[in-house]
Structure formats: structure tokens, C-alpha cells
Amino acid sequence: MSRPEIRVQGLHKAFGDNEVLRGIDLEIGQGEVVCVIGPSGSGKSTLLRCVNLLEEPTRGQVFVGGTELTDPDVDIDAARRRIGMVFQQFNLFPHLTVTENLTLPQRRVLRRDKAAAGRVAAENLARVGLAEKASAYPASLSGGQQQRVAIARALSMGPSVMLFDEPTSALDPELVGDVLAVMRSLAREGMTMMVVTHEMSFAREVADRVVFMDGGVVVEDGTPAQVIGAPRHERTRHFLSRLLDPALAEVEDGAPGPDPDPDRPGR
């Protein structure tokens, strides 16, 4: 593997008595795309949020680009500038235009002037195929377009790592393709990406590695062909059979297949 861009060692996270992560060890090399899959409540989203310290680990270490984010003396704001985050919900400011949504964080966090921030915003809107929407407001956009704006906003900060937390789970099925196309393009460009997803076609096609989590631990870690195509563990096989055949899940428990990861109440 290339030089680790993300390194997680002995990571634990508990919410009260609920231990969500139980000693995660994980490395993601520079330019690697790693998809994290697993059932609801397995800890996937909490792991992602611990990588940029949106959740503070109970114990363990997180390194991004060689900087230990869990070091009490680290400048966390500076460290986070290396990390782009895309959530399930788009989190756009409804009263601002698309361009203003992209320029505001650049001006406030990176201290870019208006002209420079505008140039970067325009470049990244073109990058996600939305140059013509620069003056639009979020309410006039489809869910897929809003998610692409959110990706462009993250890219405008110049990250070396992109984290995606179920980026298509809030979208209607016909809108998923355009968002995944942008993510495929980022992968081709060599962006280091950690993606929590249930999109198995994307994981098969784009991921260098697939990590299957269950019960707060990593059960399997390997290539898509290994983990999705020929899983070694019964827990992985059971999860994939339910995910790939929703009718089976309904027969077993009367519920649809996996949904976004509510690792704790209210998540």
C-alpha cells in the first residue's frame, strides 16, 4: 500500500454504556478509495465522524496526512482543512446562492478574497457539472444537484482526503447516478476517499478495498472481489444476501434492507 493518508489505531467510541467502536485498526493509502459497508448500527458512520473528530474517540489514535488529530495539542481546525466531508443531508444555506455556498467557507476559513474564492467556486462547480447553476438557490435544485453542490463546496477547500457518509441515501433512485459519477471522477483523479455506502455497484467498480463492519469491529477488509464476491465470514455473507435481495430481508424481519447508520439514538 502507498503511504497511509488515514491511519486509525485502537479506536474505541462509546456513547454512555453503548460501545459503538470496539478497537478499530485501519489504514488508507494515498489515492486509495475505501468503501465501508455493514448493517445499520455497525459503527460505520461513527468511524467516519471520528476520522475528522466530529466525534471524539473514547480512546485510540487517528492520523490524517501524518498529523495526529487525537493529540490534545493539535490545531484541529488546521488539520481539518485537509479533510472534505459530505453528509447524507446536503447542509446548504437556503438563503445563499450556489456560488455563495461555495465561497463563504473559503473566505471565512481560508481567508481568500472574494475574487479568488469565486474562481475556485466556478472551477469546482464545473468539475461536478453544475457551472450553469452558479446563481441558483438550493430550493430550485434537485436532491442530486444539491449533493453535487455539497461535493463542490468540500472540494473548494482543497482537501487531500474526502469522506462520504452515505452520500446517496437521501436521494431518489433516479438521482443517484449523477452523484456517483462525480465520485468516480474524483477516484480517477487520485483523491483519497473513505466512503460509507450501501451502493454495491459503486464499491465493486471504484473501490480499491472494501471494509465490512459489524458490531463495532472490522470483520473483513480486502478487495471488492474478495469481500463482495467471495466473503469469508458468515456475517458478511448474511449481510450481502440481505442487501442484494431486499425481499429476503422483508421475509426475515418484516423490514426493508439496510438504511443509514443510526449508531446512537437520534443519529
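**Close-up views of a predicted protein chain**

**View 1. Strands S1 and S4 in a predicted model.** Strand S1 (residues 4–15) and strand S4 (residues 59–64) run antiparallel and are joined by five bridges, where helices (H or I, at least four residues) and strands (E, at least two) are DSSP runs numbered from the N terminus, and two strands pair if DSSP finds at least two bridges between them. Within this pair, Val8 has Val62 of S4 as its bridge partner, and His12 has Arg59 of S4 as its bridge partner. The model is predicted, and residues are numbered from 1 along each chain as its sequence is written. Local features need pLDDT of at least 70, side-chain atom pairs count only at pLDDT 80 or more, and totals for chains, interfaces and linings use all residues, while side-chain values use heavy atoms, with hydrogens and water left out.

View 2. His12, which pairs with Arg59 in S4, stands opposite Arg22 in S2. The hairpin of S1 and S2 has two residues between the strands, and there Gly16 takes a positive phi near 65°.

**View 3. The open sheet S2-S1-S4-S5.** Four strands form this open sheet, in the order S2-S1-S4-S5, with antiparallel pairing. Strand S2 (18–29) and strand S5 (67–68) stand at the edges with a single partner strand each, so one side of each is left without a neighbour in the sheet. In a regular strand, side chains alternate between the two faces of the sheet.

**View 4. Ile28 in strand S2.** Ile28 has its place in strand S2. The residue is buried, with a relative accessible area of 0%, where buried means under 20% relative accessible area, exposed over 50%, and partly exposed in between, with a 1.4 Å probe and protein chains only. Ile28 and Met191 are 163 residues apart in sequence, yet their C-alpha atoms are 12 Å apart in space.

**View 5. Helix H1 and the residue Leu53 that follows.** Helix H1 (residues 44–51) is mostly covered, since eight of its eight residues are buried. The buried residues of H1 are Lys44, Ser45, Thr46, Leu47, Leu48, Arg49, Cys50 and Val51. Just after H1, Leu53 takes a positive phi of about 60°, although Leu53 is not a glycine. Most residues other than glycine have a negative phi. Leu53 has its place in the loop between H1 and S4, and with a relative accessible area of 19% Leu53 is buried.

**View 6. Asn91 in the loop between S6 and H3.** Asn91 lies in the loop between strand S6 (83–86) and helix H3 (98–110). Although Asn91 is not a glycine, this residue has a positive phi of about 55°. At 46% relative accessibility, Asn91 counts as partly exposed.

**View 7. Arg108 in helix H3.** Arg108 has its place in helix H3, and at 59% relative accessibility Arg108 counts as exposed. Arg108 and Gln147 are 39 residues apart along the chain, and their C-alpha atoms are separated by 22 Å.

**View 8. The hairpin of S9 and S10.** Strand S9 (residues 209–214) and strand S10 (residues 217–222) run antiparallel and are joined by five bridges. Asp214 stands opposite Val217 in S10. The hairpin of S9 and S10 has two residues between the strands, and there Gly215 takes a positive phi near 60°.

**View 9. The setting of the close-ups in the protein chain.** The secondary structure of the protein chain comes to 10 helices and 10 strands. The radius of gyration of the protein chain is 18 Å, close to the 18 Å that the globule rule gives for 267 residues, so the chain is as compact as a globular protein of that length; this radius is taken over C-alpha atoms, and the rule is 2.2 Å times the number of residues to the power 0.38. Along its principal axes, the C-alpha trace spans about 55 × 45 × 35 Å. Of the 267 residues of the protein chain, 49% count as buried. Among contacts (heavy atoms within 4.5 Å) with a separation of 6 or more, 66% are accounted for by residues 24 or more positions apart.
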